[in-house]
Amino acid sequence: RKGRVRRGLGLKLGAFAVTSAIGFAACSGSGGTPGGENVTPPASEPPTEYPMDPQAIEAATSFVEAFGAFEGERAIAYLADNAYLEMDATTPEEVPVFTSFLEAQGYKQMLAPCEETGNSSAGTYVRCAFDFHAIRSDEIGRGPFSGSYFDLTVRDGQIVSVSNYFETEEFSPQMWEPFAEWVSTTYPEDASVMYNADLTNFQLSEESIALWNRHSRGYVKTKL
């Protein structure tokens with residue numbers, strides 16, 4: 001997608017439950033109040049602490065690994081029933097379709113260790129950074145492209161939210177835009193099935209996935 005190859009921005013989550021202390025101005029005299037009584041300021045309340053979900057890293061890593069292995073059905077098994085998805089698959093049912101699309105266009109995911117980034121009443125926040133190849137970029141000597149990540153929230157061992165951010169600053173001019181131009185010029189009728197009207201996003205359908213598989217392979221042959 002030109003310039004921006006994703007639908008949603010990654011959620012930046014963190015724990016912000018901190019209670020501020022209340023300050024009291026000093027009074028004149030020997031430390032007393034105007035009425036002459038000494039008043040001890042109340043102690044500030046400590047920040048609320050939320051324990052880390054001991055299954056958070058494992059659940060997040062398992063989901064992202066299954067995603068990168070195109071095992072969509074296994075990936076959604078780690079999601080809570082009402083999980084919120086901010087990615088190109090917006091419902092659990094769309095995840096297997098989206099991973100099939102990624103497989104068809106030669107996506108490869110290189111995952112770094114997932115790390116806890118915070119806790120709150122919502123759950124434990126985990127970030128899983130990764131590099132990626134897409135549109136068979138590795139086959140023509142481009143990439144991998146870095147700076148992408150998943151942000152996940154895990155509560156009671158289940159993932160309650162997922163956002164997926166693809167960093168496309170280098171990927172778009174090197175892969176997305178040239179490929180979109182090639183398809184729209186060489187196979188204009190197929191481009192209308194594979195893309196939206198302005199070629200900035202893909203369409204998810206069985207026909208589209210088949211065309212992405214075919215034409216990404218054909219595009220590689222023109223570059224070798």
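Me: What should I know about the model and its numbering?
Reply: It's a predicted model, where local features need pLDDT of at least 70, side-chain atom pairs count only at pLDDT 80 or more, and totals for chains, interfaces and linings use all residues. Residues are numbered from 1 along each chain as its sequence is written, and side-chain values use heavy atoms, with hydrogens and water left out.

Me: What is the mean pLDDT of the chain, and where is the pLDDT below 50?
Reply: pLDDT is the predictor's confidence in each residue, from 0 to 100. The chain has a mean of 84, with 79% of its residues at 70 or more. Residues 1-37 are where the pLDDT falls below 50, and beyond near neighbours in sequence that stretch has 67 contacts in the model; contact here means heavy atoms within 4.5 Å.

Me: What makes up the chain's fold, read along the sequence?
Reply: The pattern runs α-α-β-α-β-β-β-β-β-α-α-α, giving 6 helices and 6 strands.

Me: Why is H1 called largely enclosed by the rest of the structure?
Reply: Buried means under 20% relative accessible area, exposed means over 50%, and partly exposed lies in between (1.4 Å probe, protein chains only). In H1, 10 of the 13 residues are buried, so the helix counts as largely enclosed. Among them are Ala60, Phe63, Val64 and Phe67. For the whole chain, buried residues make up 43% of the 224.

Me: How do you know that the span of H1 is close to the one expected?
Reply: The expected span is 1.5 Å times one less than the number of residues. H1 (residues 56-68) reaches 18 Å from its first C-alpha to its last, close to the 18 Å expected. Just after H1, Phe70 takes a positive phi of about 65°.

Me: What makes a group of residues a nonpolar core?
Reply: They have to be buried Ala, Val, Leu, Ile, Met, Phe, Trp, Tyr or Cys, joined through side-chain atoms within 4.5 Å. The largest such core has 51 residues, and those with the most contacts inside it include Phe63, Leu152 and Trp212. Leu152 touches Phe63 and Val64, among others, and also Val126, Ile159 and Val162. As background, nonpolar side chains in soluble globular proteins tend to be buried together.

Me: Why is the pair Lys108 and Asp138 called a salt bridge?
Reply: The rule asks for a side-chain nitrogen of Lys or Arg within 4 Å of a carboxyl oxygen of Asp or Glu. Lys108 and Asp138 have their closest N and O atoms 2.7 Å apart, and the pair is a salt bridge. It links distant parts of the chain, with Lys108 in strand S2 and Asp138 in the loop between strands S4 and S5, 30 residues apart. Lys108 has a relative accessible area of 45%, so it is partly exposed; Asp138 is partly exposed at 26%.

Me: How do you know that Arg136 is buried?
Reply: Its relative accessibility is 5%, so Arg136 counts as buried. Arg136 forms a salt bridge with Glu139, at 3.6 Å between the closest N and O atoms, and Glu139 counts as partly exposed at 41%.

Me: How many salt bridges does the whole structure have?
Reply: The search finds 4, including one between Glu71 and Arg74 at 2.4 Å, N to O.

Methods:
Helix = DSSP H or I, 4+ residues; strand = E, 2+ residues; numbered from the N terminus. Lists of a residue's contacts leave out its neighbours within four places in sequence.
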